[in-house]
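Welcome, and thanks for taking a look at this one.

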Amino acid sequence: MVVSTSTGFKLTATVQRKPDSKICSENEFQCLDDICIDKKLKCDQEVNCQDNSDESAQYAGCEGILAKWTDLSTSARVGIIVGTVVGMGLILCLCVTACIYFSPQKRYKRLKD
């Protein structure tokens with residue numbers, strides 16, 4: 001169930017069921033932790049299973065960046081984030097260095113000498 005308000009907030013409620021026989025019905029999707037959710041909630045770009053398996057490319061057959069991100073391990077996610085931050089920092093340092101080196105005052109002083 002999704003409820004939207006006029007202020008832009010959205011409330012999403014997912015009905016989850018723990019099956020007695022560890023098998024969900026044909027109208028349900030079975031999360032990796034054996035919880036059953038409505039099949040329509042699978043691959044809907046919103047996490048409905050507690051273990052995120054309903055948005056997984058590997059387990060649920062979803063497509064897109066969220067599905068690929070969901071399947072990554074925590075260490076892989078941290079590595080991507082750290083690598084991106086370090087890369088952006090290096091680019092910023094190069095830009096600042098280039099601006100200082102090629103500033104008009106420095107260029108004039110170099111030509112004068």
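A disulfide links Cys43 and Cys62, with an S to S distance of 1.9 Å. The model is a predicted one, and a search of the whole structure finds three disulfides.

**The Cys43 and Cys62 link**
- This link of Cys43 and Cys62 is left-handed, with -85 degrees about the S-S bond.
- Both Cys43 and Cys62 lie in the loop between strand 4 and helix 1, so the pair ties together parts that are 19 residues apart in sequence.
- Cys43 is partly exposed at 30% relative accessible area, whereas Cys62 is buried at 8%.

**The other two disulfides**
- Cys24 is joined to Cys36, S to S 1.8 Å, and both cysteines are buried.
- The torsion about the S-S bond of Cys24 and Cys36 is about -90 degrees, so this disulfide is left-handed.
- Cys31 and Cys49 are also bonded, with their sulfur atoms 1.8 Å apart.
- For Cys31 and Cys49 the S-S torsion is about -70 degrees, so that disulfide is left-handed.
- In sequence order, the bonded cysteines of the chain pair as 1-3, 2-5, 4-6.

**Cysteines without a partner**
- Cys93 is in no disulfide, and the nearest cysteine sulfur, that of Cys95, is 9.4 Å away.
- The sulfur of Cys95 has its closest cysteine sulfur in Cys99, at 6.6 Å, which is too far for a bond.

**Glu55**
- Glu55 sits in the loop between strand 4 (36-38) and helix 1 (65-71), and its contacts include Cys43 and Cys62.
- Glu55 is buried but has no salt bridge, as Lys42, the nearest side chain of opposite charge, is 9.8 Å away.
- A polar atom of the Glu55 side chain lies 3.2 Å from the backbone nitrogen of Asp44.

Note on methods: Residues are numbered from 1 along each chain as its sequence is written. This is a predicted model: local features need pLDDT of at least 70, side-chain atom pairs count only at pLDDT 80 or more; totals for chains, interfaces and linings use all residues. Side-chain values use heavy atoms; hydrogens and water are left out. Helices (H or I, at least four residues) and strands (E, at least two) are DSSP runs, numbered from the N terminus. Buried means under 20% relative accessible area, exposed over 50%, partly exposed in between (1.4 Å probe, protein chains only). Lys and Arg count as positive and Asp and Glu as negative; His and the chain ends are not counted. A salt bridge is a side-chain nitrogen of Lys or Arg within 4 Å of a carboxyl oxygen of Asp or Glu. A polar contact is a pair of N or O atoms within 3.5 Å; within protein, one must be able to donate a hydrogen and the other to accept it, and residues adjacent in sequence count only if both atoms are side-chain atoms. Contact means heavy atoms within 4.5 Å. A disulfide is a pair of cysteine sulfur atoms within 2.5 Å. Lists of a residue's contacts leave out its neighbours within four places in sequence.
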